[in-house]
Amino acid sequence: MSYWYYEPSRPREVKNGLKARSKKGDIGTTWWSKKWIGLLESFNWSNRLERGRRYARKGQVINFRLLNGTIRANVQGSAPRPYEVEISIKPIRKKEWEGVINSISSQCLFVAKLLAGEMPEDIESAFSSAKTSLFPSKNEIRSRCSCPDSANPCKHIAAVHYILAEEFDRNPFMMFELRGMGKDGILTYFKGNVESSTQINETNVDSKGQTEEKLPPLENFIDNFWSPLKPLDGMEFSVKPPIVSAAVIKRLGEPPFWRISNTFIKDMEKRYERIGQMAISVALGSDRLGKTRKK
Amino acid sequence: MIILHGLWLNKLKEPKFFIWGESSEENHKSPKHLFQAKQNKLEEILSSILEEFITLGFEKAKTSLLLPTQDKKPIPSSTLLNLNHESSSKKELKEWEIDGLNLDSIHAAMFLISATDSPDLILGEDIKFWQKFSKFGFELLVRQRFFPHLIQKGKAFSAAWKYLIDDADDIRRMNLFSESMPPICRSFKKSDQSKNILSSFLSELTDTLSKKSIAGLEENITGGSIDETWFRSLHSEEDMPVDMKETENLTKTLDQWVSSIYSDEANAFKLCFKLDAPSSNSDIWNLNYLLQATDDPSLMVPLDQVWKEKGKTLKIFNRIFDNPYEKLLIELGKASKLFPIIDRSLRMKMPSRCDLSVQEAYSFLSENSWLLKESGYGVLLPSLNQQSSNIGVKVELKQPKTSVQGNGLGSIVDFGWKVAMGNQELSEEEFMKIASLKTPLVKIRGQWIELKKEEIENTLKLFESFNGRITVRDALRIASGGDGILPLTSLKASSWINELIQGLSKKELLKELTPPSNFNGSLRPYQTKGFSWLYFLRKWGIGACLADDMGLGKTIQFISLLLKNYESSSKKPSLLICPTSIVGNWQKEIDKFSPSLKILVHHGTGRLSGKEFIKKASKYNLVISTYSLIQRDIETLEKVEWDTVCLDEAQNIKNFWTKQSQAARKLKANHKIALTGTPIENRLSELWSIMDFLNPDYLGGFTNFKKNYIAPIELYKDKEKIQKLQKMVHPFILRRLKTDKTIISDLPEKMEIKTYCNLTKEQATLYQAVVNDMIGEIDDSEGIERKGRVLAALTKLKQVCNHPALFLKDKSKIEARSGKLSRLEEMLEEIVEVEDKALIFTQFAEMGKMIKEYLQPKFCQEILFLHGGVPRKKRDEMIQRFQKDKIPQIFVLSLKAGGFGLNLTSANHVFHFDRWWNPAVENQATDRVFRIGQKKNVEVHKFISVGTLEEKIDSLIERKKSLTENIIGTGEAWLTEMNTSELKKIFELRKDAVVE
């Protein structure tokens, strides 16, 4: 690495880059992404990691995909063409995996969380009791970059590592995948014979719960054209705010693609409350919708 | 008159709500719908009843609708339009081009909830349907049943808020709406399933309102990544500028994200969390896991029993549960996302419960349990805060040591308060300790209680602001339950304060007074009570509203009070304000029951003003004036210090912004009274206005009252608010119903009441002219000719008394020209409101027609009219409808066609709009109602125009009652036997006939 190379250069701006969502402080919010960053930091790559973090925050990582246990990413540096970065992690052997699965099965929490699509916090303990480790050691990580920088990791690789950390927040099973065991693979161990029950229910959101209606043609109603076909007299409505605000969002949790902030639930709660309040005042006829003008 | 219709045009590129109307007037723009309301007219009427912010959203529009058609004409939606003609030709659906107005979803919903029937405008059933559906939409929004998503419109995408209907009751209501939708709502030419139309409206409303509410919050989100673009787009109507592929992926991800919300109810069992309060010496709460039968929540098994079972299926309570072990683990795993505390319990091999700290238990109680419940889990919570252990305040009111300031409701008294749990008082130390706790879940004296921190803070703040002193008005308000403060568990008061508060809150127990000695009549027991109550409130200067049902004698209760006042001490005059049409009635009643009272009728062009009036008024006990005059003479009237001011038919001041209502409020008096027979507890702006006249300030300002009470109660029947309001106004309103058991036993089965009405100026002028013409003619003639002329004069004068247009036969306007008709309308208002029914007899078919046409739009319902020309079949149909259906409530009959033979016992009011000077004929008509099958007490109202032949002939008959049968025979011919001077006396118009 030569001094003159990186000092004057500024990376080219990327329009829709994958920005690390944290603006300062640590990147990554969940325990496993933190653990991943901690791991990187323990490798003593210090100042290049720092530069990589800045890259990640600026959005220099253009894209990123995981295929067959290898991460491939394009990172925009100062050269016109983005650099190509590849990171792969040594998979755990099949035999070792069996040991891991046995030890996972011994704890209700692990199975319950994994079946519900979550990564238990101390899953590592299941690995260590099977004498292996979920997180790789320094020399189990292989990476390369098409940039002229001879150091490894370079800042481009480091940037991808950070983006990877955030990806763990969204998809905790990615580390399993990088270690050679896909989500589906691991779940089948616990699933027994009832595949269907854990399958994600792909219901059409709009139509669920409503009866399919087949009304006869309008002509049939010519003598009863103007009145309700069934009485609605007893129907009552209430405009009381809910006890828990943004309950729908709290039940759903953060959507998997969310990167902007780590405060999705809080941000949404603010919006739900505003909408609810506006709805109350409109429903009670006391809001004037000041902004509305005749077109 | 216009009947309003509306529908959601979901097949338009930009869906709109289309409003149109049917008019009773023809619109000659053939080949269009003949009776459609003109756009301008529609806009004009709607603008007059709606606030500007809604009408700003109107856009003129045209659309084609399929409508029932016969003989090449659209068939009107309602018989109210008077356009129906009998035809047997084929009915078919035909397309008609309709002019109307378009609204977007929010404006439509706002318009729909605020639209009400008014004299010129009747809401069609379709509008009422949409009105309910808009409320449903608002409810979903208020309850935050929606989520962010994405919609595709052609090639463009935009982020959207979608409504969520996933709980059983919402699903039920949505289905009912879609099954109920009036066919007219599907009459847009590209007609669709009702479900799709409703869904489209709801989607638009949800998205538009949500985006409007949060517009501007997206300012900091500037990035161009897909999630940022999506999030930003949730705040505005703009499309998302992103490429197809990425957006399609986003749609899939969102679908998957949202799908987890729909719980899978196919299982026979679900996981249930049961929270138990700690046993006596502990602070550890227990959260127990149970298996609960989905179809019968009372069937539950603890999980530790389930874990013990072996095998792939579990059979309990005759229900089968497959793969229980695995399913329970999944459910526990999912639940741990919503309440992560339980993670620690999942370390065990067979988790069945979790210990919770007080903090954790509180968090479970206040939030997580709701999330679990909504996600389909069973939740059982301990019952804290039972009545016996409720935290509340005990208030004590004492007479101040120094002299009392203010009077009545404004009296300032000493105020002391203590916090109590159930009946036990808490020491200040205990309370302060509670108030400073971080967790609102506390153990007091061995009981766990969930405190509402806000309530405690609000209570402290409010009570400390009183600084140990309070007005009786505020004390009463607190007693009926303040907003967001601790409930009042007891109110103790000493000496006179106790007497006042007891009297106000338990008016049934008030001591009954003996009626004043110079009251010329007798009071029924409930009337004595009412008069005693009025007198009690008078002592404290507290305004009273006597709201007894019509016919229970509010007038004589007030007259007794006046007599009592003047018997005891009062020297100042009192003022009675009433509608012009019944000034005469009041004079008559006072003459009859208390001739000793000196009354002055303040009316007419020669009336006094300023000092002269004040001087003159002071010589009388009661000044009677009218609503139309208070506004004009307020400068004079407000200068008098009245003893009592009474508003009769107080609903006349219901619109507080009118000058009339403002003027009434300016009158100064020791005591104010309002008399009304309409159930004011159902008409809240009227209630506010009357209360504000009686006891200013008590209900607070109108804007707040509208927001806090009128809208929640009138639009959404908010039960808590109804109760609270009733509690608040209960001390000041006395309303007895004729149907009360205690009242009914006091009443005769048939009551005949003479209602004296005044003539309008126009009527008086016409009347005088007829008299002048006729007297000479009669004088000049003899024999049969004379008889004929007398009868003709009689008829003409009766016609004038009924209505000028009946006499003039010129089809001129009907409104505000006849004292009788105004009075009839007022009285019918009360009858219609309490869901009674009435017959109206008149001997003039033309009058019957006028009554029908005038009242129909006023009451927004069809009014039946039976006259000689109605064919038998139609007559039977009318009678059947009137007897069976809730509506129509009013039946006009010509005396000849309906005076005998018919059975109309569903009515319990009979009006004789004009008189047939023959009691036998009148009674026979009355007996249509008063006969076997009648379940209610019957009231017969005989209308008499004051100061005219009607009054004079009536008293003639009264005087010779015993002889009448003989004198009168069966007709009115006996009148023709009188000599000219006798006739002159009878025909002559007395001065007091008109009050204007």
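This is a predicted model: local features need pLDDT of at least 70, side-chain atom pairs count only at pLDDT 80 or more; totals for chains, interfaces and linings use all residues.

Trainee: How many helices and strands does chain A have, and what percentage of its residues is buried?
Mentor: Chain A contains twelve helices and four strands. A residue counts as buried when 20 or more other C-beta atoms lie within 10 Å of its own. Of the 295 residues in chain A, the share that is buried is 34%.

Trainee: What fraction of the contacts in chain A with a separation of 6 or more joins residues 24 or more positions apart?
Mentor: A contact here requires C-beta atoms within 7 Å. Among the contacts in chain A with a separation of 6 or more, the share from residues 24 or more positions apart is 67%.

Trainee: Which strands are at the edges of the sheet in chain A?
Mentor: The sheet is open, with four strands in the order E1-E2-E3-E4 and antiparallel pairing. An edge strand pairs on one side only, and that applies to strand E1 (61-67) and strand E4 (141-145) of chain A. Neighbouring strands of the sheet are turned against each other by 15 degrees on average, direction ignored. The edges are therefore E1 and E4, each of which pairs on one side only.

Trainee: Which residue is the bridge partner of A:Asn74 in E3(A)?
Mentor: Strand E2 (residues 70-75) and strand E3 (residues 83-89) of chain A run antiparallel and are joined by six bridges. The bridge partner of A:Asn74 in E3(A) is A:Glu84.

Trainee: Is A:Glu86 buried, exposed or partly exposed?
Mentor: A:Glu86 is located in strand E3 of chain A. Leaving aside neighbours within four places in sequence, A:Glu86 contacts A:Thr70, A:Ile71, A:Arg72, A:Ser143 and A:Arg144. Because A:Glu86 has 15 other C-beta atoms within 10 Å, its class is partly exposed.

Trainee: Which helix gives the largest share of the side of chain A that touches chain B?
Mentor: In this interface, 81 residues of chain A are in contact with 105 residues of chain B. Helices H5 (108-115), H10 (195-198), H11 (247-252) and H12 (264-283) of chain A each supply at least two residues of that side of chain A. The residues of that side divide into 44 nonpolar, 18 polar and 19 charged. The largest share, ten residues, comes from H12(A).

Trainee: How far apart are the C-alpha centres of domain 2 and domain 4 of chain B?
Mentor: Chain B is divided into five stretches: domain 1 (2-210), domain 2 (269-380), domain 3 (387-505), domain 4 (507-743) and domain 5 (754-993). Between the C-alpha centres of domain 2 and domain 4 of chain B, the distance is 62 Å.

Trainee: Why is strand E8 of chain B described as largely enclosed, and which residue in its hairpin turn has a positive phi?
Mentor: Six of the eight residues of strand E8 (residues 156-163) of chain B are buried, so E8(B) is largely enclosed by the rest of the structure. Strand E7 (residues 146-153) of chain B pairs with E8(B) in the antiparallel sense over eight bridges, and B:Pro148 has B:Trp161 as its bridge partner in E8(B). The two strands form a hairpin with two residues between them, and the turn residue with a positive phi, about 65 degrees, is B:Gly154.

Trainee: Is B:Asp71 buried or exposed?
Mentor: B:Asp71 is in the loop between strand E3 (59-70) and strand E4 (73-74) of chain B. Its phi is positive, near 50 degrees, whereas most residues other than glycine have a negative phi. Because B:Asp71 has 11 other C-beta atoms within 10 Å, its class is exposed.

Trainee: What is the omega of the peptide bond from B:Ile887 to B:Pro888?
Mentor: B:Pro888 lies in the loop between helix H31 (872-884) and strand E33 (890-894) of chain B. Most peptide bonds are trans. The bond from B:Ile887 to B:Pro888 is cis, and its omega is near 5 degrees.

Technical notes. Residues are numbered from 1 along each chain as its sequence is written. Chains are lettered from A and ligands numbered from 1 in the order in which they are written. A residue is buried if 20 or more other C-beta atoms lie within 10 Å of its own, exposed if 12 or fewer, and partly exposed in between; C-beta atoms are placed from the backbone. Two residues are in contact if their C-beta atoms, placed from the backbone, lie within 7 Å. Domain bounds come from an automatic or database domain assignment. Axes are lines fitted to C-alpha atoms, for helices over the stretch in contact, and angles run from 0 to 180 degrees between N-to-C directions. Ala, Val, Leu, Ile, Met, Phe, Trp, Tyr, Cys and Pro count as nonpolar, Asp, Glu, Lys and Arg as charged, and the others, Gly among them, as polar.
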